Every structure is written in structure tokens, then in C-alpha cells.
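Work through the exercises below with the sequence and the model side by side, and try each task before reading its solution.

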Amino acid sequence: MDTIDTLRSRVNGTVTGPRDAGYDDGRAVWNGMIDRRPAALVRASAVADIAPTIAVARESGLPLAIRGGGHNVAGNGTVEGGIVLDLGGLTDVVVDRETREVRVGPGATLGHLDRATEPYGLAVPVGVVSGTGVAGLTLGGGIGWLTRRYGLTVDNLLGVDVVTAAGETVRANATENRELLWGVRGGGGNFGVVSSFTFQAYELGPDVYAGTFITRAGDWEAALRGLDAWVRGGVPDPLTVIVTFMTPPPGFELGDDPVMLTGFVWASADRVHGEKVVDGLQAAIRPDVAAIEPTTWTAWQSAADGLFPKGVRAYWKNTSFDRLDAATIDVICRRGREQTWLGTGFDIHVMEGAFGRVAEDATPFPGRTSRYWLNVYGYWPDAADDDARTAFVKGFAADMAPHAAGAQYVNFLGHEGSESEARASALSVYGPEKLARLTALKRRYDPDNLFRLNHNIPPS
Ligand SMILES: Cc1cc2nc3c(=O)[nH]c(=O)nc-3n(C[C@H](O)[C@H](O)[C@H](O)COP(=O)(O)OP(=O)(O)OC[C@H]3O[C@@H](n4cnc5c(N)ncnc54)[C@H](O)[C@@H]3O)c2cc1C
């Protein structure tokens, strides 16, 4: 039997090969630059399909890619000539109203999760685009509109079930296999296939106080100086702020020139306090337009979806930084004004708050003392622009390097090519002490590095 027949005989889900209908749709991931032709695509119909797929990958020696939402920018959710285990059909979300614990299947997107918790007036801290997979986002960290209020997604991860390379299911939570729970809070899919995530949810919504201040390019320097002074004055935890620079879509009220969008979410029932704090932010940055409309949590969480369609080409880089001084502002404004095409933008996340109070060694996620985080997200529709757009992202990262604190978030990294680059990046992302801990876990749960299509932690 060939690999496809073997898989069909062992799993209940759909197995698709290169000659089958639906193969091209099945192999496509969010990043259109990642164009790989797997030998077999397994669309799991249940968690029970995970262990047999792992077994076939081991027996055949074919590389194995694990896919949740398929949004990985580096393209780790697929593989040339190997087996893709696509968990995208396993989207169950079960909410326990009493404990506010939420159990999430490995194929759920942020949209599935937000829509399931909203009727209970609850939310789990996740990211900001609803098509992103909960699985990949969580395993890397999870930054979003509740980061300053409740920390990263991983800071609210209570437990996981993991199917290991040996095909065994291991539960990790506060009482069992605690080191494994530590590892999956930022160490990626290195230790096995997570078949279930349990999160702590919090009271939020359905209505939220959120909005955007818009600043024209001529006023950016003053706005950023004001923002930094305001941040250094101390920001109450309930307010999370993300500052976006981008060329707006056609029809935008201020025209086609690049704009600075200072978005905020106030995650507290004390609206009066929130309005006072937001007034302070507005006075500090003095925007040209204030766009603050009534909104719900799920509407806010999907407001940017249209900007990031599946199939665009993408390359990203990121870094933490602490000083928003004149030199840093100069780099940001210069690069922002150069970015005059639709597609590609960059965010400055204001960190600290609950994120910053988590101890550095409590999770593999780096840079807990960071004040800001820069994410440059290149995305564009046309292959002819690959070199120029990638060069812009790399050039921006190089310009920022002297001003950066240098922590990197694995989920905001693009494809960097070789295995040795991946190894170097594991050391630079996690540092020697955390990498030693992650390596020990890797040796225990995946000594042969079956799960290597990720930001890889080699077992030795
Ligand atoms: C448009 C867009 C917006 C984004 N916004 C945010 C944001 O606001 N905040 C943020 O933090 N990140 C954000 N990201 C980054 C995102 O967190 C990563 O791209 C993440 O990898 C996506 O997860 P996924 O499940 O969709 O990806 P996939 O490509 O399906 O999976 C990514 C990798 O995760 C691992 N993996 C997935 N599922 C499992 C599993 N069940 N068990 C073990 N390993 C698994 C595998 O290594 C896999 O290759 C965004 C990405 C995009 C493209």
C-alpha cells in the first residue's frame, strides 16, 4: 500500500493526494508565497485521527506538518512531499459558565472562540484577526486587544491534551505534567499535537468601549512623542493600545496617504474611568480624527479581517523595544512615509500591564519587561513585488535594530529558510536557559524531532 492508501485505511477523516479533486484548495495556506505540494493531506474528522497519522508519518519517514488555522506566516502548516495533518475541522468550543473555563478544539479560529464565549459575556485574550487559528497563535504566545488587561493567550492557558510522537495522549495542567504546560506556553508545536486547549475566560462585552484615533503623516512625530510621555506616565491595565501605520484602502475618509491609527480597547465595566483615560490618550497624541462608535467584541475582533485575505504573499519581522525617543521616532516615521502601497503595515503594541507582571521564566515567551513591540507585517497580492516588499520589511528591521531591545515573538516571524537559521533563531528567541529547558522537554517527548516544521527546538 502507498502512503495515501495506508492513511485511508487508518483514519476516518478525508485523505487527499495530488491527483484528487480538492488538492489545490487543501494545500493552500494563508501566506500565498508558501506554495508546497504535500504527498498527502489528512483532514482529521476527530481527535482520534491524530495518533494514526503520526504513526504513518513515522513509519513512512515522510515529514509531518501540523495545521490549525493555516495562518502561520512562515508557512509551517504545510510541507513539500510530506504529510499535512489538517485539524481545521475540529472547531468545538465548550464554555463552562461557572468556572469560566473554555475548552477549545485544535482547529478553532479566533472567530469560533469569540462567537462561542460572547453569549456568556465572556472573552479569552487572543489576537486581532478572526481567521487566525487558536492553536498556532496560542503555542507561540498570543498578543491582542486584552494583552495589557489579562496578559498573553498563553498566560491564560490552563491546560492542554497533547498527542506525542509515540502516539500517547498526555494531559498537562497545573497539577499534571507542569513542565510540558510550561513548554507549550510559547515553545510552539515542538512537543506533540495539541488536541485540546483549556483557557481562562473573563467577563467582557458583548458591547466594548473601543475606537481609533487617526493621525495624518505630517503630525506623526508629535503624536509619537505625546504617546511615549503618556505611556511613561503610567497606563491603567484595562486599556490596551495598538498603533498601526498603513496606507488605507480606497475610499478612506482622509485620502490615500499613509496614516497612523491609534486603536484602543478598554476592558473594564467602569466606562466613566475608561473615558477619562482615553481622553488623556487623545490629549497626548492630538489626532486629526476620533473614530469611536458603539461596537461589540466580536465586531471589533473581526474589523480588520478584510485587510488580510487568504492567499496574499507575506513576510514579517518583529522586535521589542523600550525607548520611543527621537531616533526611534525618526526610523518609524521615515519608514511609515515610505510605505505608500496598499498591503503591508506595522503595529506598535503598547505592552506592560498584566503582560509585564508575568515573570520572565514563567513561560518561554521572551521580553516581559518590554515597553513596546514592533511588528512589521508585509503582505501584498502580486508575486512581482516579492523582492521589493521583502526588502522593505528587512530594511525596516535593520534600521530598528540599534534602537531595539531585541526580543522576538515567533508568531510574527516570516520564513527564514535554512535549518541552521532556524537553530540560531531558537537561541536568539528563547535565550540559553529557556532553550535548555525546552530542549530537555523536546528530548523527552520528541527525541527524533518528528515535529520539526515549526520554530524548531532541536533535541540536541
Ligand atoms: C492575518 C494575521 C493576523 C495575525 N494576528 C495575530 C495577532 O493579533 N496576535 C498574534 O499573537 N498573532 C497573530 N498572528 C500570527 C499567528 O499567531 C501565527 O501566524 C500562528 O502561527 C497562526 O496559527 P494557525 O493555527 O492559524 O497557523 P497554522 O499554520 O495552522 O499552524 C502554525 C503552526 O503551529 C503549530 N500547530 C498548529 N496547530 C497545532 C496543534 N494542534 N498542535 C501542535 N502544533 C500545532 C504547527 O507548528 C504549525 O505549523 C496573525 C497572523 C496572520 C496571518
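**Exercise 1. Determine how helix α1 packs against helix α3.**

Solution. Helix α1 (residues 3–10) and helix α3 (residues 50–60) have axes 10 Å apart and pack at an angle of about 155°, where helices are DSSP runs (H or I) of at least four residues, strands are runs (E) of at least two, and both are numbered from the N terminus. The axes are lines fitted to C-alpha atoms over the stretch in contact, and the angles, taken between N-to-C directions, run from 0 to 180 degrees. Helix α1 is therefore roughly antiparallel to α3, a term for angles over 145 degrees. The crossing in which α1 passes α3 is right-handed, meaning that the near helix is turned clockwise from the far one by less than a right angle.

This is a predicted model, in which local features need pLDDT of at least 70 and side-chain atom pairs count only at pLDDT 80 or more, while totals for chains, interfaces and linings use all residues. Residues are numbered from 1 along each chain as its sequence is written, and side-chain values use heavy atoms, with hydrogens and water left out.

**Exercise 2. Repeat the analysis for helices α11 and α13.**

Solution. The axes of α11 (residues 326–338) and α13 (residues 386–400) come within 10 Å and cross at roughly 170°. The two helices are therefore roughly antiparallel to each other, and their crossing is right-handed.

**Exercise 3. Describe the shell around the ligand and its polar contacts.**

Solution. Begin with the shell: 35 residues surround the ligand, the closest being G68, G70, G133, I143 and Y409, with a residue counted if one of its heavy atoms lies within 4 Å. Among the contributing elements, β3 (64–67), α5 (134–140) and β10 (193–200) each supply at least two residues, and α5 gives the most, with four.

Next, take the polar contacts, which are pairs of N or O atoms within 3.5 Å. A polar backbone atom of G70 lies 2.7 Å from an oxygen atom of the ligand, and a nitrogen atom of the ligand is 2.8 Å from a backbone N or O atom of V194. In the side chain of N411, an N or O atom is 3.2 Å from a ligand oxygen atom. Finally, consider burial: the ligand taken alone exposes 950 Å², of which the protein buries 97%, the areas coming from the Shrake-Rupley method with a 1.4 Å probe.

**Exercise 4. Locate the cis peptide bond.**

Solution. The peptide bond from G205 to P206 is cis, with omega near 5°, and P206 is placed in the loop between β11 (202–203) and β12 (207–216).

Terms used:
A polar contact is a pair of N or O atoms within 3.5 Å; within protein, one must be able to donate a hydrogen and the other to accept it, and residues adjacent in sequence count only if both atoms are side-chain atoms. Angles under 35 degrees count as roughly parallel, over 145 as roughly antiparallel, 65 to 115 as roughly perpendicular and the rest as oblique.
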